[in-house]
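Thank you all for coming.

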Amino acid sequence: MKSNVGKFDKVIRILIAAITSTLYITGIISGTFGAVLLFVGGILLLTALVNFCPLYKLIGVNTCSVKK
């Protein structure tokens with residue numbers, strides 16, 4: 001599995017995951033919508049931690065910097 005998530009993209013994913021989980025825990029978002037956002041935040045966090053996004057692979061996107 002080759003990395004396709006860059007540093008900036010990783011930071012954005014972690015921030016979105018943190019924001020969605022905070023909103024869910026504090027009760028600002030709830031119900032089905034909150035659960036879906038929490039699930040999406042979990043997926044974003046997981047892909048940030050493993051540096052690989054399957055959706056990026058499918059559409060041919062790579063945000064990693066090129067190593068020389």
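Which residues does Thr47 touch, once those up to four places away in sequence are not counted? Please bear in mind, as we look, that what is on the screen is a predicted model. With that said, Thr47 touches Val5, Arg13, Phe52, Cys53 and Pro54.

Before I stay with that residue, let me give the overall picture. The protein chain has 3 helices and 0 strands, and from the N terminus on its elements run α-α-α. Its C-alpha trace spans about 45 × 20 × 15 Å along the principal axes, and of its 68 residues, 24% count as buried. The chain exposes about 5,100 Å², of which carbon and sulfur atoms supply 72%. If we take the contacts between residues at least 6 apart in sequence, 73% of them join residues at least 24 apart.

Now back to Thr47, which is found in helix α2. Thr47 counts as buried because its relative accessible area is 7%, and the cut-off for buried is under 20%. Its side chain makes a polar contact, at 2.7 Å, with the side chain of Arg13, and a polar atom of the Thr47 side chain also lies 3.0 Å from the backbone oxygen of Leu44.

Arg13, the partner in that side-chain contact, is found in helix α1, which covers residues 7-26. Is Arg13 buried or exposed? Arg13 is buried, with a relative accessible area of 7%. Leaving aside residues up to four places away in sequence, Arg13 touches Val5, Leu44, Thr47, Ala48, Cys53 and Tyr56.

Leu44 has its place in helix α2 and, at 18% relative accessibility, counts as buried. With residues up to four places away in sequence again set aside, Leu44 touches Arg13 and Ile16. Leu44 and Leu15 are 29 residues apart in sequence, while their C-alpha atoms are 9.4 Å apart in space.

I would like to finish with Asn51, which lies in the loop between α2, residues 31-50, and α3, residues 54-59. Asn51 has a positive phi of about 60°, although it is not a glycine. Asn51 is described as partly exposed because its relative accessible area is 22%, and that term is used for values between the cut-off for buried, under 20%, and the cut-off for exposed, over 50%.

Key: Residues numbered from 1 in each chain as written. Predicted model: local features only at pLDDT ≥ 70, side-chain atom pairs only at ≥ 80, totals over all residues. Heavy atoms only, no water. Helix = DSSP H or I, 4+ residues; strand = E, 2+ residues; numbered from the N terminus. Buried < 20%, exposed > 50% of the residue type's maximum accessible area, 1.4 Å probe, protein only. Polar contact = N/O pair within 3.5 Å; in protein donor to acceptor, adjacent residues only side chain to side chain. Contact = heavy atoms within 4.5 Å. Areas by Shrake-Rupley, 256 points an atom, 1.4 Å probe, with all protein chains shown as cover.
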